[in-house]
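User: Can you walk me through this one? I have the coordinates open.

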Amino acid sequence: MKVADIIAARTTEWQALEQDVAWLRGTRSRGLDPDRVAAFARRYRAACSDLALATGMRFPDGTVEYLQQLVADAHTQLYRIESFSIVAWLRSILLDVPRQTIGDPCTWIAAAVFVTLFGGGMMATWVRPGFAAEVVGDAALATFESMYAERPGTGGFTAGRAAMAGFYVFNNAGIGLRCFTGGILFGLGSLVVLAFNGIFLGTVFGHMLASTAGDHFGEFVTAHAPYELTAIVLSAAAGLRLGWSLVDTRGWGRWESLRQTAPAALGTAGLATVLFILAAYIEAFISPSTLPRSAKVAVACVSGLALAGWFAAPLLLVRPEKARAD
Amino acid sequence: MADSGIRNERQPLDTMVTVVSPENIAFQFRLAGPAARMMAFVLDALVIGVAAAAMLFALGILGTVAEAFAGLFLIALFFIWWGYGAASEVLANGRTAGKAALGLRVVSQTGLSINPPQAILRNLLRVVDIAPPFFPGVVCMAFTRRLQRLGDLAAGTMVVLDRTRRPPRPPRVDAAPVELVPTGFHPDARLLEALAAYVGRRTDLSTARRQELAGMVAKRLCSAWGTAVPADPDALVCGVYERAIAAEAEAAR
């Protein structure tokens, strides 16, 4: 049989497969015509064997290249990943993400670094009077003091709360994501952002709480602090997780180790982003409001408990024998 | 499966990546280089910029209520900036607008289409990849076989060129004089490869050029066989090719 005959005989099938690929590209996997899907699978296997034949028998280059592309396209459609299911998604959010986050030493290292530097910054402002001015700058301190000179809600903060919410989301969650991604540089990017925030926030807290505006400042930050501070720590923890996978490769190749770790780190980073967004709305609408101080403390308690409950849920909800070994 | 280990000897060690499917068939992707990907990124940045400008313009028209809407604008900007790439790659078969314009596509290293976590991860990590002054992504592309930036390495993805697809034209060989070829003659692999390339492209050549090219091969073949060079060397070369293919097909059976 001549090459030309083989190609001529098969071209109709190949073009039919091309049409199948184009058809599958525009669809989701539910409710497809089963006969056509079966025909597609058959044509794909036929094209595979045609490609093997064409390569083995040295068909002209154009034919081989065409078949390569055709088989690659069909392969992408046949083995496409559409495993999205609500159950798997809920399972991931309610069980996997909290369990991975809690069980990850990076979370606790990030938390320890943050708490230590935050506490250190706070102490330093009390021990050494000029410390806050050295770290934050006189102008910034003066701004902070004037911002909180009045009780939240009595002035200054009433207008444009929605705008502030947008700004907090854009800015804070953006910083959180940058903190996470910086972790790929062996964790250094995350550590720098985490350390900076720890020292800066600690110093500002220390200075403001001791100043005349201390009460107002404390009242303002209470409501959103649980989500915001947790989010900072978790962003850095996710970044550290990513960076550490490049250091301790657990027997994988370095990049393979990164690939294996990335989904878990992404889960933690996603959680941090959600917390940043929640914190942004609380910071924009509740923190500066005229609600009594006790209400803001209650918000803080509820958010702290919700967070703790969500972390504890996998331990309480899943019976030990049902917990998967992975 | 990512590293197949099967290398096609015919392909030079360049921007081709071979993937082996479960059907045990190897097919190849052509990787996209940094220049094309940079262009795609610039186009995508323009798309985001235009979307943001359009939203700002709408806010300007709304005027009085703008302050509340400014918040929505920033939230939208946050999601567009961080999510545009991932969303379009998931929904449009691995292509953002910029990639589609340049004929690029993101696929998993295994040749499959990418899933949402992969798309999110590689798009988040872009901020690191394009961070001056060292541009880690570009450096990384220079040192990885699949031209991957850090985001690609973490997500296990690669950016490939979608080649334009033309159905192959069957090589038209009319009445190839197979009988002129000595029965014991088998071209070696390199000659066969050259013959395949010639037969595949000969219809694109003028008759004179065909005869000229084929004549060079025919002259050497005929002097080796001790026969006279035929009047139509093009047909002879086609005959040699057909004979060789038939012999291979016979051997395969």
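Analyst: Start with two strands of chain B: β3(B) and strand β4 (residues 157–161) pair in the antiparallel sense over five bridges. Strands here are DSSP runs of E of at least two residues, helices are runs of H or I of at least four, both numbered from the N terminus, and two strands pair if DSSP finds at least two bridges between them.

User: What stands opposite B:V106 in β4(B)?

Analyst: B:V159 does.

User: Before going on, what kind of model is this, and how are things numbered?

Analyst: This is a predicted model, where local features need pLDDT of at least 70 and side-chain atom pairs count only at pLDDT 80 or more, while totals for chains, interfaces and linings use all residues. Residues are numbered from 1 along each chain as its sequence is written, and chains are lettered from A and ligands numbered from 1 in the order in which they are written.

User: Back to β3(B). How many of its residues are buried?

Analyst: Five of the five residues of β3(B) (residues 104–108) are buried, so the strand is largely enclosed by the rest of the structure. Buried means 20 or more other C-beta atoms within 10 Å of the residue's own, exposed means 12 or fewer, and partly exposed is in between, with C-beta atoms placed from the backbone.

User: Which residues sit on which side of β3(B)?

Analyst: B:L104, B:V106 and B:S108 are on one side, and B:R105 and B:V107 are on the other. Both faces are covered.

User: And chain B overall?

Analyst: Chain B has 10 helices and four strands. Of its 253 residues, 38% count as buried. Chain B is divided into domain 1 (30–161) and domain 2 (178–252), with bounds from an automatic or database domain assignment. The C-alpha centres of these two domains lie 50 Å apart.

User: How many residues of chain B are in contact with chain A?

Analyst: 55 residues of chain B are in contact with 56 residues of chain A, a contact being two C-beta atoms, placed from the backbone, within 7 Å. On the chain B side, α2(B) gives the most, with 11 residues. By class, that side has 37 nonpolar, nine polar and nine charged residues. Ala, Val, Leu, Ile, Met, Phe, Trp, Tyr, Cys and Pro count as nonpolar, Asp, Glu, Lys and Arg as charged, and the others, Gly among them, as polar.

User: What do the buried residues of α5(A) pack against?

Analyst: They pack against α4 (86–103), α6 (131–136), α9 (188–210) and α11 (225–247) of chain A. Among those buried residues are A:C106, A:F114 and A:M122.

User: Where is A:W244 found?

Analyst: A:W244 is in helix α11 of chain A. With 20 C-beta neighbours inside 10 Å, A:W244 counts as buried. Leaving aside neighbours within four places in sequence, A:W244 is in contact with A:C106 and A:G187.

User: Which residues have the most contacts inside the largest nonpolar core?

Analyst: A:A47, A:V71 and A:V169, in a core of 136 residues. Such a core is a set of buried Ala, Val, Leu, Ile, Met, Phe, Trp, Tyr and Cys residues joined through C-beta atoms within 7 Å. Helix α12 (residues 254–286) of chain A gives the most to this core, with 17 residues.
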